[in-house]
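Work through the exercises below with the coordinates open. Try each task before reading its solution.

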Amino acid sequence: MPPGSFEAFKIEEIKAENACIMARGFEYFNGLKDVKKIKLVNCELIDDTALAKLSYLRGSLKELQLVFLPSVTDVGITYLYLLENLDDLYINYLPKVKDHKLGKKLLQEKLPNCKIEFLQEPDEIKT
């Protein structure tokens, strides 16, 4: 990083693919005000608690992609209701989510201004 105050820099996008991150690390989202986009792909340790902590970013987060997160369940999807500023939500292949059609319907009701794509097709993973 260039010299100077770190406060002059803002985190706007987070991308984690094949990463060993977990809910405890999401605590660092608390206080961030400029994160607009998050992409999480094939992160085995991300679970329902981690998705709950995305609510720290509820004021700024516009785009969210969740792809092959094997520890996320239907409960974790309900925490996404808190992200009322989302414009674009892409979810694909969360193996522990039992009823993705119901999940999509409820997300559409709770986030009416958000474009939602909710698939359970491992062959159609968009990275």
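**Exercise 1: an aromatic pair**

Tyr93 has a relative accessible area of 26%, so it is partly exposed; buried means under 20%, exposed over 50%, and partly exposed lies in between (1.4 Å probe, protein chains only). This is a predicted model, where local features need pLDDT of at least 70, side-chain atom pairs count only at pLDDT 80 or more, and totals for chains, interfaces and linings use all residues. Residues are numbered from 1 along each chain as its sequence is written, and side-chain values use heavy atoms, with hydrogens and water left out.

Task: find how the rings of Phe68 and Tyr93 are arranged, and where the two residues lie.

Solution. 
- Apply the ring rule: rings of Phe, Tyr and Trp (its six-membered ring) pair if their centres lie within 6.5 Å; planes under 30 degrees apart count as stacked, over 60 as edge-to-face and the rest as tilted.
- The count comes to two aromatic pairs.
- For Phe68 and Tyr93, the ring centres are 5.3 Å apart and the planes are at 10°, so this pair is stacked.
- Now place them. Phe68 is in the loop between strand 3 and helix 3 (74-79), Tyr93 in the loop between strand 4 and helix 4 (100-110), so the pair ties together parts 25 residues apart in sequence. Helices (H or I, at least four residues) and strands (E, at least two) are DSSP runs, numbered from the N terminus.
- Phe68 has 25% relative accessibility and counts as partly exposed.
- Tyr93 has a positive phi of about 55°, although it is not a glycine.

**Exercise 2: the core**

Task: describe the largest nonpolar core and list the contacts of Leu107.

Solution. 
- A nonpolar core is a set of buried Ala, Val, Leu, Ile, Met, Phe, Trp, Tyr and Cys residues joined through side-chain atoms within 4.5 Å.
- The largest one has 33 residues, and those with the most contacts inside it are Ile38, Leu54, Leu64, Leu80 and Leu107.
- Elements giving two or more residues to this core include strand 1 (13-17), helix 2 (48-53) and strand 5 (115-119).
- Set aside neighbours within four places in sequence. Leu107 is then in contact (heavy atoms within 4.5 Å) with Ile77, Leu80, Tyr81, Leu89, Ile91, Ile116 and Phe118.

**Exercise 3: two cysteines**

Solution. 
- A disulfide is a pair of cysteine sulfur atoms within 2.5 Å.
- Searching the whole structure gives zero disulfides.
- Compare accessibility. Cys20 is exposed at 71%; Cys43 is buried at 0%.
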